[in-house]
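Please look through the structure below before reading on.

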Amino acid sequence: MSTTTIRLPDGSEVDIQTSDPKAAAATARKIWQQRQGSSAEEAGRKPRSGWQTAGDFLGDAIDNFVPNFGDEIAAIPDAAKAAVRGQPIGEAWNKGRREFRRNQAQYDKEHPYLAWGSTLTGAGASLALPAGRVASGAGMATKVLHGAAVGAGYGAVAGAGEGDSLGDRATNAAKGMAAGGVLGGAMSPVAAGAVRVGRIARQALPGVDGAVRRLANVPRAVMRHPLRTPEDAQRRLAARFMDTRMNEGHVAAGFGQQGASATPETLLAEVERRRALGVPAMLGDVSEPMRATTGWASRGMGPGQTMVRERLDARKAQEATRIRQHIADTMGDLSPDPVGQYQGYGERARREAGPMYAEAYAQPMVLTPEISGIMQTPAFQAAVPHAVRNIRNAQRNPEAIGFVMRNDGMLDPEAYQSLSTEGFDQVIRAMRDNAQDRMRPASFPGGRPTNTTDSVHINARAGDLRDELANQNGAYRDVTEMYADEMGMRDAFQNGQVVDKLTGPDIAAQARQMPQDNAREAWAIGARTALGDRASEFGSAHPTGDVAGNVRRMLGPDQKQTAIQQMMPDRPDAVSGLQDRLEAEHQSNILWREAYGNSRTADRQQFDADMDQTLGALPIPPVTPSAMVARAANLVQTGVTRGRRQSMKDQVARFVTEENPERLRAFVNDVSEVAQRDRDFADRLHRMGVFGTKGAAMNVKGEEPGEFPSGQHEPYEDERDY
């Protein structure tokens, strides 16, 4: 259908949906008469009373609180009355809406300032309408979606409140939803961008940072709070930079295991745990991102970079000494005279075992066929003269324990039948001495003597003879199971000294052969002495070497470590505790190598880019006009902030290598506090954007030309049916 345009007497034009000129003219006359009648009616209306004006104020506030639904709410009583009286509800509803709009138009005309007050009251109250929340620290994408949802929702509600037909309301709701969604989605990015621009200006433009700081110090001075300094600003920038790094990766648990997710709290807890073990841990030790950060902070010629190397060098120089102390703390004291140490321990054991040996030696000796058979072996017969020499060297009389001597003072080799239990015990010790003499010497320095067929047989017969004595003499069995003799302790000590050459099965076999506590203690003294000596020797010969790693190789795989632990029953966590300390020292050595090794270019560039972002540099997009502008801005900023970059890098260097526990905890607290303040500020910024979105979305529907400003009302025209 074509449209005919008619100009009215007041110069305005109306479009009539008809191609018939006569019908169009008739419709135009009707419109003009309606307008004239409405104007006359408005001119004849009486001024509103005080109570009526108060009602108009409330109605306008409601119309702005529940966007564009004031007339519908005002018409509810009229529709209810019509329903009770049996009158047409729709007619009463429309009449109520028209009356509300006429009253509002008159209220706007008679009280324009009060009308603006009621509009602002309703609009302000509408900010309390629900809008939901996002989680603290939510990302920008989440905030954009949230803002778009709020804007679209309130835009749709506001649009649905405009129009007289369902079609009009649906169209306006769709328009409001689209406009509100776009507006709400843009609020958070725009606000964040404005803050970013402010930070760039503060960091890049000379004098801006000082002016902002002085302005912020005014209320602090009034409240007698500490004033902000340039150093405070640098610490905040470093804390903001470190917050990103400290929340990356996992705690370095070592041994191929992945620890807890890295956070400032978990990293600090790991540093404190290692320090409690006696390891002077730094933050740079405890995660891969922190290690890489330390390596980056060590590059360059600034004071911070020099400090990193000095701190790491000082710690490295004491590595061997610390590891010796770790061995002593977990496995027992490292004496400068380990032989005297185990001999002293043996002397105490001998005094304790004295009464038990006396009881065993007092028992009668029975020569069983098995014992007689052993006495005929070369192993036994060769040991008898050795036993007599040992007794005489101890200034004792061999005849007192059953050895028969000839008139010339020599041993009667045929008279063995009278040997006492103590005499046989002395022969057993001599047999073990002879077995050791028959072993093959080590073929290289530091090697172990190896058994020969002769030594194996001699040891076997000595063991058989001891078992036979134990079978007939309970006291002898008890004392030999509880206490090792001097020979047993010496053998145990020497076996422990070659712990690096032993395998797990070797040590397990030795543990079965020496159940006595004093023998195992002698073995442990030998083993820990060997470990401590290796730490000192390797550290002296290889100042830049991995001392902890070298000592760990002596401990061997899990099977060997389990066997070593069996030798130390009174220290159930000796091996695992030492391994924990050695792993921490090993990671300290890795950090030292990171600081002195070649850094990867890609990592270094990424750190520099992250620091630039913290300082407020613009991200560089591809080669586009906007990229050129960004590069120009960064070029200017780089010149201005070069000193700031170095200062911030120095702050990071101090942080990752800080050795003072109190200062480290204070810095970690600063990181957490700055990060929380940033999150709180971003959340407040988003909430402010949501408030703005609600207010704007409720008024997104544009005004038609000639209409009154948003929130005020034009004289109502009767529904048009043309």
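Is Gly302 buried or exposed? Gly302 has a relative accessible area of 10%, so it is buried; buried means under 20% relative accessible area, exposed over 50%, and partly exposed in between, with a 1.4 Å probe and protein chains only. The model is predicted, so local features need pLDDT of at least 70 and side-chain atom pairs count only at pLDDT 80 or more, while totals for chains, interfaces and linings use all residues. Residues are numbered from 1 along each chain as its sequence is written, and side-chain values use heavy atoms, with hydrogens and water left out.

Gly302 sits in the loop between helix 11 (288-297) and helix 12. Helices here are DSSP runs (H or I, at least four residues), numbered from the N terminus. Between the C-alpha atoms of Gly302 and Asp650 there are 7.4 Å, although 348 residues separate the two along the chain.

Helix 12 (residues 303-317) contains Arg315. With 5% relative accessibility, Arg315 counts as buried. Setting aside residues up to four places away in sequence, Arg315 touches Pro280, Ala281, Met282, Asp285, Arg322, Ser588 and Leu591, where contact means heavy atoms within 4.5 Å.

His326 belongs to helix 13 (residues 319-331). Its relative accessible area is 2%, so His326 is buried. Beyond its neighbours within four places in sequence, His326 is in contact with Leu277, Gly278, Val279, Leu578, Arg581 and Glu585.

A further buried residue is Asp433, at 15% relative accessibility. Asp433 is part of helix 17 (residues 421-437). Not counting residues up to four places away in sequence, Asp433 touches His386, Asn390, Met487 and Arg490. Its C-alpha atom is separated by 9.9 Å from that of Asp491, which is 58 residues away along the chain.

Next come pairs of helices. Two packed helices are described by the angle between their axes and the distance between the axes. The axes of helix 14 (residues 338-361) and helix 19 (residues 474-482) come within 8 Å and cross at roughly 150 degrees; axes are lines fitted to C-alpha atoms, for helices over the stretch in contact, and angles run from 0 to 180 degrees between N-to-C directions. Helix 14 is therefore roughly antiparallel to helix 19 (under 35 degrees is roughly parallel, over 145 roughly antiparallel, 65 to 115 roughly perpendicular and the rest oblique). Residues making the contact include Ala353, Met356 and Tyr357 of helix 14 and Ala475, Tyr476 and Val479 of helix 19.

For helix 24 and helix 25, the axes come within 8 Å and cross at roughly 125 degrees. These two helices are therefore oblique to each other. Gln561, Ile564 and Gln565 of helix 24 meet Ala574, Val575, Ser576 and Gln579 of helix 25.

The last topic is the nonpolar cores. The largest nonpolar core has 40 residues; such a core is a set of buried Ala, Val, Leu, Ile, Met, Phe, Trp, Tyr and Cys residues joined through side-chain atoms within 4.5 Å. Among the residues with the most contacts inside this core are Ile323, Trp523 and Leu531. Helices that each supply at least two residues of the core include helix 13, helix 24 (558-566) and helix 25 (574-596). Helix 22 gives the most, with 10 residues. Leaving aside neighbours within four places in sequence, Leu531 is in contact with Ile327, Met331, Val551, Met554, Leu555 and Leu578. Apart from this core lies another, of 34 residues, among them Val251, Ala281, Trp296 and Val671.
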